[in-house]
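Subject: Structure for you to look at

Hello,

Here is the structure I said I would pass on. My notes on what was found follow below it.

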Amino acid sequence: MNVTSVGEATGDLGQAAQLGARSYGTDADIDIDTDSAVVSRTSATSALGSATASANANIALIKYWGKADERLIIPRASSLSLTLDGLTTRTSVEFLADGGPGDTGDSDVSASNNATDTSAIADSLTIDGKPQAGKSLARVSRFLDIVRERSGIDAPARVVSSNTVPFGAGLASSASAFAALAAAASRAVGLDLQPRDLSRLARRGSGSACRSVFGGLVKWNAGHDDATSYAEPVDDSKLDLAIVVVLISGEKKPISSREAMRRTIATSPLYDAWIDSCASDLSEALRAVAGGDVRRLGEVTEANSFGMHAAMMASRPAVMYWLPETVEALRAVASIRESGLGAWATMDAGPNVKVLADGRDATKVADELRSRLPGCGVEVHRPGSGVRFER
Ligand code: PMV
């Protein structure tokens, strides 16, 4: 059993607040890819260990785009994000005593597993009341294999996850999903990980998940191996920030971020230039945070995101997430800023626009966006907490 990364016990509910630089409100959402199919695992079971944890989504201000190590998910550059309230995944994990090594459960599950390169162990996964199979289950099972290997527990798990999704669908992010799963699964097998080690574990599920372990502003140190690539909170007490989300489309993205990153690295002549700019953008952003300078932070946030999308679009073939409404929303943000409000755009692997706003202006920025973009959903999200355990 490999227990080298296990830290001291972190306690329960109350101590979850320590995972954030501040104690923020709760609640928000996330998504794992949701191919749906039926998993019927109905045998009577007894639990070896169980735990429930929640985590919030985060939006990167200085982006992560591209891996130096695909298996360990070590990024090419460090990044900076804001964990948000109102976008929460709550996940319960129960390891089941009656399933031993190699138990593949019912045949439906094995059939789908064979097709998707997954764990030998038949886990079950329910997201928002819907049983999952295919890629979603395979991805979760592969992640659970890491937890099983570390704990020496070779049992299948029942994973039940629910999300607070204000728009009904589409804020693509696996960050809160894998942060909550890492927390619940590790706690269920008795690995009481220190926040840094929990962040390292969450990173193995989805890179950006390592940042959702912490609340508020968070820096992911790229590092160079599993031990050195982790997130940590950044003191954001001099800033009042909010993210206004403009939902343009809730549809599944045309190309996964994993695949799109690979293509950008392999074919975009602009990728190396963008990666080089990330180091100075991050330093600039951290100076702005330390100085409480929201304008400087906003400017570098917007520039870093546009640089990333320029590199994506220069890929061959292009990685193009933008829709016509994306351009409309970006023009609206620029015009709102010209009118004197603090608002800067950032975008991820999808057509939706997120607006970093001065917290004092956020409600006005949202009102302006609603009136200029009548077809879009607009929601204000304030900084949120890091991972929280229920037991
Ligand atoms: O963690 P992933 O594989 O979903 O990648 C996230 C990448 C971006 O959202 C585009 C940027 C980021 O830093 O979150």
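Sorted by class, the residues around the ligand are four nonpolar, six polar and three charged. Please keep in mind that this is a predicted model. The shell is made up of 13 residues, and the closest include Ala60, Tyr64, Gly207, Ser208 and Asp348. Where does the ligand lie relative to domain 1 and domain 2? It lies between them, because domain 1 (24–237) and domain 2 (241–381) both contribute residues to the shell.

The backbone has a few points to check. As background, most residues other than glycine have a negative phi, and most peptide bonds are trans.

- Isoleucine 73 has a phi of about 55°. Isoleucine 73 sits in the loop that runs between strand E3 (67–69) and strand E4 (74–75). With 22 other C-beta atoms within 10 Å, isoleucine 73 is buried, because the cut-off for that class is 20 or more.
- Aspartate 128 has a phi of about 50°. Aspartate 128 is in the loop between strand E6 (124–127) and strand E7 (130–132). Aspartate 128 has 15 C-beta neighbours inside 10 Å, so it counts as partly exposed.

There is also a cis peptide bond, between arginine 316 and proline 317, with omega about -5°. Proline 317 belongs to the loop between helix H8 (294–313) and helix H9 (324–338).

Regards

Methods: Residues numbered from 1 in each chain as written. Predicted model: local features only at pLDDT ≥ 70, side-chain atom pairs only at ≥ 80, totals over all residues. Helix = DSSP H or I, 4+ residues; strand = E, 2+ residues; numbered from the N terminus. Buried ≥ 20, exposed ≤ 12 C-beta atoms within 10 Å, placed from the backbone. Near = placed C-beta within 6 Å. Nonpolar A, V, L, I, M, F, W, Y, C, P; charged D, E, K, R; others polar. Domains from an automatic or database assignment.
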